[in-house]
Every structure is written in structure tokens, then in C-alpha cells.
Amino acid sequence: MRKYIPFLEKPPFVPVIRLSGSIGGGSRFSPALSDAGLATQIDRAFSRGKPAAVALVVNSPGGSAVQSSLIAARIRRLADAKNIPVHAFVEDVAASGGYWLACAADDIWVDNSSIVGSIGVIFASFGFPQLMEKYGVERRVHTAGTSKSLADPFLPEKPEDVARLKALQEPIHQAFIAHVKARRGARLVQDIDLFNADIWVGRGAVDVGLVDGVAHLVPKMKALYGDKVVLRQMVQRKPFLQRFGIGAAGAQIAAGALAEVEDRALWQRYGL
């Protein structure tokens with residue numbers, strides 16, 4: 001009877017999932033965005049009540065291609081199964097794996113200064129052979145399997161290693177391209193190369209079809225679902241002991257410091 005009494009009708013609600021940070025497996029003390037870590041949060045967003053839609057707030061410079069794929073696939077499975085629209089809102093950046101996540105939505109909205117794109121795959125390392133030679137350090141490597149020392153940073157770079165790395169990157173890049181094409185379809189501009197890992201800002205990303213427009217979460221949700229729409233922030237629950245700060249303090253500090261260095265390296269690619 002409730003739905004026939006106007007003053008008892010509940011306003012529409014939209015769960016909001018925040019996808020902020022680098023993407024990867026993470027660890028006990030330095031969590032990153034991962035399918036396992038986000039599974040409960042995503043499942044609750046689509047399963048509790050009858051949401052009018054689900055909103056993703058994306059602010060990620062990328063990371064693991066596999067975790068990006070798993071998270072996006074989970075969102076799409078639930079959205080398709082329950083016929084719930086998904087909207088993505090980009091904050092500072094949705095690049096590389098961050099854009100992979102944004103493409104899980106039915107439409108993508110950005111700020112005028114948001115950085116979007118970087119549809120590519122990267123392998124980054126350092127080389128120290130000259131430094132080791134200068135100080136008389138000898139590298140000794142014994143392997144079972146010729147590829148076991150692939151791209152060893154303490155040995156001179158080999159052309160065959162570079163060729164092998166590029167061959168490994170290619171199927172990952174093609175999977176990324178296929179995902180973007182499947183999700184964005186005819187909205188993508190066809191006469192420019194969108195898949196060379198270039199980036200676009202704000203309205204530039206709109207012009208090439210990577211996103212749908214410039215809009216922010218609250219006013220856009222009100223425009224689509226009415227002024228009374230309720231936005232429910234989905235909070236990722238911490239493990240029980242971590243809620244009270246209990247754990248191996250030394251390991252937590254060390255892991256956190258290393259994670260911070262890696263995270264800053266990802267963000268600094270985009271000047272952030």
C-alpha cells in the first residue's frame with residue numbers, strides 16, 4: 001500500500017562507490033584498489049534495496065591491468081544482472097587502469113581539469129650495470145630457464161629482453177583497447193589514434209568521445225533522478241583489528257612508506 005500513498009514514498013537513492021588510489025593487490029598494511037578489497041562494497045551497492053543507479057567516483061592513475069579488469073567486470077555483471085545504470089565521475093585523474101574502471105559505467109563525467117586516457121601499458125625499471133662496474137661489484141646469476149633473468153636491472157639491457165617485454169605488453173594493451181571499444185562504441189572519434197597512451201583534459205576528452213560531458217556528482221544526480229535523490233556513500237570496511245590500530249606497527253610503517261613511494265610515482269606522471 002505504501003507506494004500508493006505519496007507522502008510515504010521513499011525518495012530514490014544512489015549508492016556512491018569511491019575508487020580512489022592506485023590499483024593493485026596491495027597488502028595487509030598498504031591496501032590498494034583490488035577486486036577482493038572492493039567486492040563487498042560493490043556487491044552491497046547493487047544489492048541493498050532498489051537503487052535508482054550506482055555512481056562511481058574515480059580518482060586513480062592506474063596500476064594493475066588484471067585488478068582493473070576484475071573490478072570493472074564485477075561492476076558490469078551486477079549492473080547487467082539487476083538492470084541498474086552506472087554513472088562515473090572523474091576527479092583529478094582517470095588514467096590507464098583508472099580509465100578502465102571509469103569505462104565500467106554507462107556514461108562518464110569529468111571536471112574541466114580532469115585528466116583522462118593513457119590507454120596503454122608500461123614497464124618501468126632502472127639499470128645499474130655501469131654503477132656496479134665502477135665499484136667492482138660482480139653480478140652472478142644462475143637460472144634454470146633462459147627467461148628467468150628477464151630485464152634484470154643489474155645486467156646490461158638485451159635487445160631480446162626488450163622484444164620479449166613488448167610482446168608481453170601487446171595482449172594486455174589489446175585487451176584494454178577492446179574493453180574501451182566495447183564500452184564506448186560509436187561515441188569514440190574514429191579519425192584519431194586514441195590508444196597510443198596519450199591523455200586529454202576535461203572538454204578535450206569530451207571532444208574525442210572518451211567521456212560524455214562536464215558534470216559533477218551531486219547536480220548531475222539531481223538532474224537525472226530529482227532533487228530529492230539520496231546519495232549513499234559506500235564505505236570500505238577495515239579488518240576488525242585495524243579499526244583499533246592493532247597490528248605490527250613496524251611492518252605497517254615500512255609497508256606504508258614503500259606503498260607511498262610507489263603511489264606517488266604513479267600520480268606524478270600526471271603532475272599530481
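Me: Let's start with Arg232: which residues is it in contact with, leaving aside neighbours within four places in sequence?
Reply: Arg232 is in contact with Phe13, Val14, Pro15 and Val16, once its neighbours within four places in sequence are left aside, where contact means heavy atoms within 4.5 Å. This is a predicted model, in which local features need pLDDT of at least 70 and side-chain atom pairs count only at pLDDT 80 or more, while totals for chains, interfaces and linings use all residues. Residues are numbered from 1 along each chain as its sequence is written, and side-chain values use heavy atoms, with hydrogens and water left out.

Me: How many residues apart in sequence are Arg232 and Pro15?
Reply: Arg232 and Pro15 are 217 residues apart in sequence, yet their C-alpha atoms are 4.5 Å apart in space. Arg232 belongs to strand β8, which covers residues 230–234; strands (E, at least two residues) and helices (H or I, at least four) are DSSP runs, numbered from the N terminus.

Me: And is Arg232 buried, exposed or in between?
Reply: Arg232 is partly exposed, because its relative accessible area is 41%, and the scale calls a residue buried under 20%, exposed over 50% and partly exposed in between (1.4 Å probe, protein chains only).

Me: Switching topic, what does Asp35 touch?
Reply: Not counting residues up to four places away in sequence, Asp35 touches Gln67, Leu70, Ile71 and Arg74. With Arg74 there is also a polar contact, side chain to side chain, at 2.7 Å; the term covers a pair of N or O atoms within 3.5 Å, and within protein one must be able to donate a hydrogen and the other to accept it, while residues adjacent in sequence count only if both atoms are side-chain atoms. Asp35 sits in helix α1, residues 35–47, and it counts as buried because its relative accessibility is 13%.

Me: How do the axes of α1 and α2 cross?
Reply: The axes of α1 and helix α2 (residues 65–82) come within 10 Å and cross at roughly 15 degrees, where axes are lines fitted to C-alpha atoms, for helices over the stretch in contact, and angles run from 0 to 180 degrees between N-to-C directions. The two helices α1 and α2 are therefore roughly parallel to each other, as angles under 35 degrees count as roughly parallel, over 145 as roughly antiparallel, 65 to 115 as roughly perpendicular and the rest as oblique.

Me: Which residues of α1 and α2 meet?
Reply: From α1 they include Leu38, Ile42 and Phe46, and from α2 they include Leu70, Ile75 and Leu78.

Me: What about Ser114, where is that?
Reply: Ser114 is in the loop between β4 (107–110) and β5 (115–117), and it counts as buried because its relative accessibility is 0%. Its side chain reaches the backbone oxygen of Val90 at 3.3 Å, and among the residues it touches beyond four places in sequence are Asp92, Trp200 and Gly202.

Me: What is the phi of Asn83, and why would anyone remark on it?
Reply: Asn83 has a positive phi of about 55 degrees although it is not a glycine. Asn83 lies in the loop between α2 and β3 (86–95) and is exposed because its relative accessibility is 69%. Ser96 also has a positive phi of about 55 degrees without being a glycine, but Ser96 is buried because its relative accessible area is 14%.
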